[in-house]
Amino acid sequence: MFKIEPRNKNQESRQKDAKKRYPLLSCFLVLFSIILSSCQSDLKDNSDRFKEGVFEIPAGDGYSKTTIIRKDSLQIEEYDKIISISNDSTVTEKNIKHIDTLYIKWKNNFFYTLKMKSPKKEIDKEPIYVQITKVTDSSFSFSAKIGFSKFATDGTIYKVK
């Protein structure tokens, strides 16, 4: 039925060599694992701290300071829109308070999309793609683009609370 053949001497020597190398290999792997696990990075990933809270964008040319409140999947922006009113001889500026509500969807800690809850203009229907480009303790710099338009802007958002 079954025929048992004696082992080849080459096979026996290969098995002995493998048994000798195995403890050495396992010791190396254990040592390597210990070294890797003992190395801790000083960089803590707490970039999700910008997902909720109160933020500000400082005033710039043609726009006032913007206050942003983020909670869950909503972002509420409050700002003054500066409008020039001209009469025959005078030009005055008037600040009109605006509040926009947007849905915010995070793809990862450094990229999110904003979409207006109640768009008033055609361009407001387009999503705003925001890429976080730099993070500090209390702020982040970003690059934003509206839909597939050519409109893009850069800025910095500061965390207030």
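Helices (H or I, at least four residues) and strands (E, at least two) are taken as DSSP runs and numbered from the N terminus. On this basis the chain holds one helix and eight strands, arranged along the sequence in the pattern α-β-β-β-β-β-β-β-β. The structure is a predicted model, in which local features need pLDDT of at least 70 and side-chain atom pairs count only at pLDDT 80 or more, while totals for chains, interfaces and linings use all residues. Residues are numbered from 1 along each chain as its sequence is written, and side-chain values use heavy atoms, with hydrogens and water left out.

The predictor's confidence in each residue is expressed as pLDDT, on a scale from 0 to 100. Its mean over the chain is 80, and 70% of the residues reach 70 or more. Over residues 36–43 the pLDDT is below 50, and this stretch has zero contacts in the model beyond near neighbours in sequence, a contact being heavy atoms within 4.5 Å. Where pLDDT is low, the predicted coordinates should not be read in detail. Among the contacts in the chain with a separation of 6 or more, 28% are between residues 24 or more positions apart.

Strand pairing was assigned where DSSP finds at least two bridges between two strands. Strand E1 (residues 53–57) pairs with E2 in the antiparallel sense over five bridges, and Ile57 has Thr66 of E2 as its bridge partner. E1 also pairs with strand E8 (residues 152–159), again in the antiparallel sense, over two bridges; here Phe55 has Lys159 of E8 as its bridge partner. E7 and E8 are antiparallel over seven bridges, with Lys145 standing opposite Ala152 in E8. These two strands form a hairpin with five residues between them, and Gly147 in the turn has a positive phi of about 50 degrees.

E2 and strand E3 (residues 74–86) likewise pair in the antiparallel sense over five bridges, and the bridge partner of Arg70 in E3 is Gln75. The hairpin of E2 and E3 has two residues between the strands. Asp72 is placed in the loop between E2 and E3, and its phi near 55 degrees is a positive value in a residue other than glycine. With a relative accessibility of 56%, Asp72 counts as exposed; the classes are buried for under 20% relative accessible area, exposed for over 50% and partly exposed in between (1.4 Å probe, protein chains only).

In a regular strand the side chains alternate between the two faces of the sheet. Strand E2 (residues 66–71) has a covered face formed by Thr66, Ile68 and Arg70, and an uncovered face formed by Thr67, Ile69 and Lys71. Lys71 is exposed, with a relative accessible area of 55%. Lys71 and Ile104 are separated by 33 residues in sequence and by 9.2 Å in space, C-alpha to C-alpha. Arg70, on the covered face, lies over the face of Phe55 at 5.0 Å from the ring centre. A charge is assigned to such a position if NZ of Lys or CZ of Arg is within 6 Å of the ring centre and within 35 degrees of the ring normal.

Rings of Phe, Tyr and Trp (its six-membered ring) were paired if their centres lie within 6.5 Å, planes under 30 degrees apart counting as stacked, over 60 as edge-to-face and the rest as tilted. The count by this rule comes to four aromatic pairs. Phe111 and Tyr129 form a stacked pair, at 6.5 Å centre to centre and 15 degrees between the planes. This pair links distant parts of the chain, with Phe111 in strand E5 (residues 111–116) and Tyr129 in strand E6 (residues 128–135), 18 residues apart. Tyr129 is partly exposed, with a relative accessible area of 27%. Ring pairs also link Phe50, Phe55 and Phe140 into a cluster.

Buried residues make up 19% of the 161 residues in the chain. A nonpolar core is defined as a set of buried Ala, Val, Leu, Ile, Met, Phe, Trp, Tyr and Cys residues joined through side-chain atoms within 4.5 Å. The largest such core has 16 residues, of which Tyr112, Leu114, Val130, Phe140, Phe142 and Ile157 touch the most other members. E1, strand E4 (91–108), E5, E6 and strand E7 (139–146) are the elements that give two or more residues to this core. Residues up to four places away in sequence aside, Val130 touches Phe110, Phe111, Tyr112, Leu114, Phe142, Ser143 and Ala144.
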